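User: I would like to go through the terms used for this structure and see what stands behind each of them. Please set each value against its definition.

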Amino acid sequence: MHENTLHIDGLSKRYGDTVALDSMSFSVAPGEIYGFVGSNGAGKTTTMRIALGVLQADSGEVRVGSRIVDDALRRSFGYMPEERGLYPKQKVAEQLNYFAQLHGLDAATARRNTAELLERLGLSDRAKDKLQELSLGNQQRVQLAAALVFDPQVLILDEPFSGLDPVAVEVMAESLRERAERGIPVVFSSHQLDLVQRLCDRVGIVKSGRMVAEGSVDELRRSGPVLYEITTPATSDWWEPLEGVDLVERHGDTVVLSIGDAPAEGYDDQPLLKAALAAGPVHHFGRRLPSLTELFQEVVSQ
Ligand SMILES: Nc1ncnc2c1ncn2[C@@H]1O[C@H](COP(=O)(O)OP(=O)(O)OP(=O)(O)O)[C@@H](O)[C@H]1O
Ligand SMILES: [Mg+2]
């Protein structure tokens, strides 16, 4: 493991009788974008708060390489907390400058980074406005700027994409990718699984405070159910006699079927095709991987 890998190691946290985290563990290597996903209340924010030192774990630890994260090390973390954290009444550029200096940059570098980021995020003309005068999405862009302005060595972002328009989503995604390419670990939580699928190198799915599935997007999708997408005007449930074959969804003439205990590789799909052809003409027949959204539903419903 690399000396700059972020390790979340065995975090547990209770609130009274509620178990918010139950031995939560994962690691994010430098250069990697890690998607942290799970239903509402699964424990994502709690994990990130502990990593950022605003909340104490009952047990477990957060490290960068072999170093336990303390306040000094944490100052190198760029973050976007769930409750956000900037001053509504302060001017955009002023607070970014201030924030950068708080994290150790000299005044000139702070100003330069602020100007560069505002330009990049399409906010140069808002630099002198108070934060509260910006729309919600633009405030979110300023939050991102605050996370990036001091050249962080780790990025921890709680739902950075929520509320952004499609253009801002791309700017955000590009910024995260660029930071990862510079060689820092990047972890963010999100409910936008299409985005997670597209952007992340690895994904962790949490449920009730525990990691329940983890891997590269490709690994996870390959571990999911074997799915076939078939287009035929036949309206009967022609697959019913076949063992283990179930309908997942139907839209128009297309059905998606899952194959119960098919081997991940080498499933003989010809009987399925024959059954379809016996019911009507077949315009499309093909296997496809489950999307992260489909996989998520399968994993969290178990
Ligand atoms: N201050 C608190 N007091 C009591 N329970 C809390 C507190 N903060 C969080 N919890 C509980 O801890 C669990 C995990 O919550 P957490 O906010 O980490 O979930 P999350 O994965 O971030 O969810 P969401 O997707 O809704 O943001 C939930 O059961 C929540 O109710
Ligand atoms: Mg949360």
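This is a predicted model: local features need pLDDT of at least 70, side-chain atom pairs count only at pLDDT 80 or more; totals for chains, interfaces and linings use all residues.

## Terms and values

User: Why is K130 called partly exposed?

Analyst: K130 has 15 other C-beta atoms within 10 Å, so it is called partly exposed. A residue counts as buried with 20 or more other C-beta atoms within 10 Å of its own, as exposed with 12 or fewer, and as partly exposed in between, the C-beta atoms being placed from the backbone.

User: Where does K130 lie, and which residues does K130 touch?

Analyst: K130 is in the loop between α4 (107–120) and α5 (136–148); helices (H or I, at least four residues) and strands (E, at least two) are DSSP runs, numbered from the N terminus. Leaving out residues up to four places away in sequence, K130 touches P88, K89, Q90 and K91; contact requires C-beta atoms, placed from the backbone, within 7 Å. E94 is 36 residues from K130 in sequence, with 9.3 Å between their C-alpha atoms.

User: What makes a set of residues a nonpolar core, and which residues have the most contacts inside the largest one?

Analyst: A nonpolar core is a set of buried Ala, Val, Leu, Ile, Met, Phe, Trp, Tyr and Cys residues joined through C-beta atoms within 7 Å. The largest has 66 residues, and A145, V149, I156 and V186 have the most contacts inside it. Helix α5 gives the most to this core, six residues. The core takes at least three residues from each of domain 1 (6–221) and domain 2 (224–301). A second, separate core has eight residues, including V255, L257, I259 and L272.

User: Which residues are in contact with V149?

Analyst: Apart from neighbours within four places in sequence, V149 is in contact with L96, F99, A100, N113, T114 and L117.

User: How are the bounds of the two domains known, and what contact do the domains make?

Analyst: The bounds come from an automatic or database domain assignment, which divides the protein into domain 1 (6–221) and domain 2 (224–301). Their centres, taken over C-alpha atoms, are 38 Å apart. The contact takes 14 residues from domain 1 and 10 residues from domain 2. On the side of domain 1 that touches domain 2, α7 gives the largest share, four residues.

User: Which residues of α10 are buried, and what do they pack against?

Analyst: In α10 (residues 292–301), L292, E294, L295 and F296 are buried. These buried residues pack against β3 (33–38), α7 (193–199), β9 (202–207) and α8 (217–223).

User: Why are β11 and β14 said to pair?

Analyst: Two strands pair if DSSP finds at least two bridges between them. Strand β11 (residues 226–231) and β14 have five bridges, in the antiparallel sense, and therefore meet the cut-off. The open sheet has four strands in the order β12-β13-β11-β14, with antiparallel pairing. Its edge strands, each pairing on one side only, are β12 (245–251) and β14 (284–288).

How values were computed. Residues are numbered from 1 along each chain as its sequence is written. Chains are lettered from A and ligands numbered from 1 in the order in which they are written. Two residues are in contact if their C-beta atoms, placed from the backbone, lie within 7 Å.
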